[in-house]
Amino acid sequence: YVISYNGNGSTSGSLPTNGTFTTGGSPYTIAAIGLLTKSGHTLIGWNTQADGLGDDYGPGSANTSYSGVGDLVLYAKWTLTSYTVTYSFNGGSRIGGALTESNKSLGQSFTLPLATGLTNAGFSFGGWSDGIVTYRAGDTYVMSPANTTLTAQWIKLNIITFDSNGATS
């Protein structure tokens, strides 16, 4: 019988070469992961169903466990790649310390933190910047395919002082 591989939504790379096996025969080797990729995902192995709910086959493993009849089609099994968002206070500080959002996947949206607890003497908080766009606190941010640093943007305050010019009250 033939073992064939399906990219299951892969966006680049090439599929492993088909293999052969005999039922009840010697162990057959499942192809390694190779160069197959899918944007925002990591290939973790092969499965007998496209939805990943079938039998798992580890890349490079030797198997004799296929109980089906006929050819075996293995689908790439993907997991979302996680990214981390780090917040830079850009000269300011935050009561309670650092902020970090982890385990965000490509395209996942989340609400940017409010300015509560952020301080920078002589400045007011002006939002978060990813280096391209500045967002207001509370805006929705959509995760890009990379770890990201969002930097606090500060607006210089115009401080007005009064001279009493010798007045006593």
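Analyst: Strand β4, covering residues 41-47, and strand β7, covering residues 72-80, run antiparallel to each other and are joined by six bridges. A strand here is a DSSP run of E with at least two residues, numbered from the N terminus, and two strands count as paired if DSSP finds at least two bridges between them.

The model is a predicted one, in which local features need pLDDT of at least 70 and side-chain atom pairs count only at pLDDT 80 or more, while totals for chains, interfaces and linings use all residues. Residues are numbered from 1 along each chain as its sequence is written, and side-chain values use heavy atoms, with hydrogens and water left out.

The pair belongs to an open sheet of five strands, whose order is β2-β1-β7-β4-β5 and whose pairing is mixed. Because β2 (19-20) and β5 (56-57) are at the edges and have a single partner strand each, one side of each has no neighbour in the sheet.

How many helices and strands does the protein have? It has zero helices (a helix would be a DSSP run of H or I with at least four residues) and 16 strands. Another of these is β13, residues 123-129, which contains S129. This serine is buried, at a relative accessible area of 9%, where buried means under 20% with a 1.4 Å probe and protein chains only. The side chain of S129 reaches the backbone nitrogen of G131 at 3.0 Å. Beyond its neighbours within four places in sequence, S129 is in contact (heavy atoms within 4.5 Å) with T134, T149, L150, T151 and Q153.

For the protein as a whole, 29% of the 169 residues are buried. Its radius of gyration, taken over C-alpha atoms, is 27 Å, whereas a compact globule of 169 residues would have one near 15 Å, by a rule of 2.2 Å times the number of residues to the power 0.38. The C-alpha atoms fill a box of roughly 105 × 25 × 20 Å along the principal axes.

Confidence is given by pLDDT, the predictor's score for each residue from 0 to 100; its mean over the protein is 87, with 96% of residues at 70 or more. It is lowest in strand β6 (residues 62-63), at a mean of 77, and highest in strand β14 (residues 134-135), at 96.

Technical notes. Buried < 20%, exposed > 50% of the residue type's maximum accessible area, 1.4 Å probe, protein only. Polar contact = N/O pair within 3.5 Å; in protein donor to acceptor, adjacent residues only side chain to side chain.
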